[in-house]
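Q: I'm new to this structure and would like a close look at one part of it. Could you walk me through that part and what surrounds it?
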Amino acid sequence: METPAAPPVPRPAGPRTELPITTAAPVKKQRRYAAAALSTVLAVAAALGAAAAVSAVGDRTKVLAIANDVPAGQPLTDADVVVAEVSADSALTPMPATDRSTVVGKRPSVDLRKGSLLVAAQLQPGTGLGDDKQQVGVQVKRGQAPAGSLVPGDKVLAVTVPGQSEQPTGKDGAEAPPTSVKAVVVSVSRPDASGAVVVNLAVSSSDGPLLATRASAGRIALVRDARSGS
């Protein structure tokens, strides 16, 4: 026996409601336009940054810098000067790298520090440390000068050290005062393996030959005068 078919469901009465039809196409187009605009902005920014970098590199110039500490009065050597690149700046007046050969051998009038730029004003003619006097190089052994305290400009007494068989005495048999020469320190070398240093001294023309004779015998000790303000 067959089952009777269910009666059809009647449709609800009233006006028919149409569902809105949506599409994602406009949203996708807007996203594409935004992505394209962002890409354009980034490309422009990158181009501007590259142009600025190229411009900055183009504005750099080669100048002279100091490779080692150099005290005032000590001649500059080729190893004391290096070439550096800095940004062009009207406030800076370092010497150009093309002047390197002309500065070697010159004496700075002030202490030069490693890493600083070399300025022409630091190499004014003369050192101001007895340029109108004679200069004598004196090798001073360890213990014959204040350890590490002599600097250009110091006033010193170059005292003659008696020989092993010499004992200076006065007329009454008392010990005679040592002979000395007044001088000004022009430069001090770095200590060698034994601790000895070479001190360039500026002395009067009348004392130059005498001091050179005593220095050649290695019989000079230096006594530093009190510095002003000390």
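Where is N68 found, and which residues is N68 in contact with, leaving aside its neighbours within four places in sequence?

A: Keep in mind that this is a predicted model. N68 sits in the loop that runs between strand 1 (60-66) and strand 2 (81-87). Leaving aside neighbours within four places in sequence, N68 is in contact with A79, D80, L112, K114 and R190.

Let's stay with A79 for a moment. Along the chain, A79 and N68 are eleven residues apart, and their C-alpha atoms are separated by 7.9 Å. The side chain of N68 reaches the backbone oxygen of A79 at 3.1 Å.

What about burial? N68 has a relative accessibility of 26%, so it counts as partly exposed. For another loop residue, look at Q144, between strand 3 and strand 4. Its relative accessible area is 18%, and because buried means under 20%, Q144 is buried. Not counting residues up to four places away in sequence, Q144 touches G218, I220, A221 and L222.

L222 also turns up in the largest nonpolar core, which has 18 residues; V138, V199, L201, L211 and L222 are those with the most contacts inside it. Strand 3 (134-140), helix 3 (208-216) and strand 7 (220-224) are among the elements that each supply at least two residues of this core. Apart from this core lies another, of eleven residues, including L64 and V81. In soluble globular proteins, nonpolar side chains tend to be buried together.

Note on methods. Residues are numbered from 1 along each chain as its sequence is written. This is a predicted model: local features need pLDDT of at least 70, side-chain atom pairs count only at pLDDT 80 or more; totals for chains, interfaces and linings use all residues. Side-chain values use heavy atoms; hydrogens and water are left out. Buried means under 20% relative accessible area, exposed over 50%, partly exposed in between (1.4 Å probe, protein chains only). Contact means heavy atoms within 4.5 Å. A polar contact is a pair of N or O atoms within 3.5 Å; within protein, one must be able to donate a hydrogen and the other to accept it, and residues adjacent in sequence count only if both atoms are side-chain atoms. A nonpolar core is a set of buried Ala, Val, Leu, Ile, Met, Phe, Trp, Tyr and Cys residues joined through side-chain atoms within 4.5 Å.
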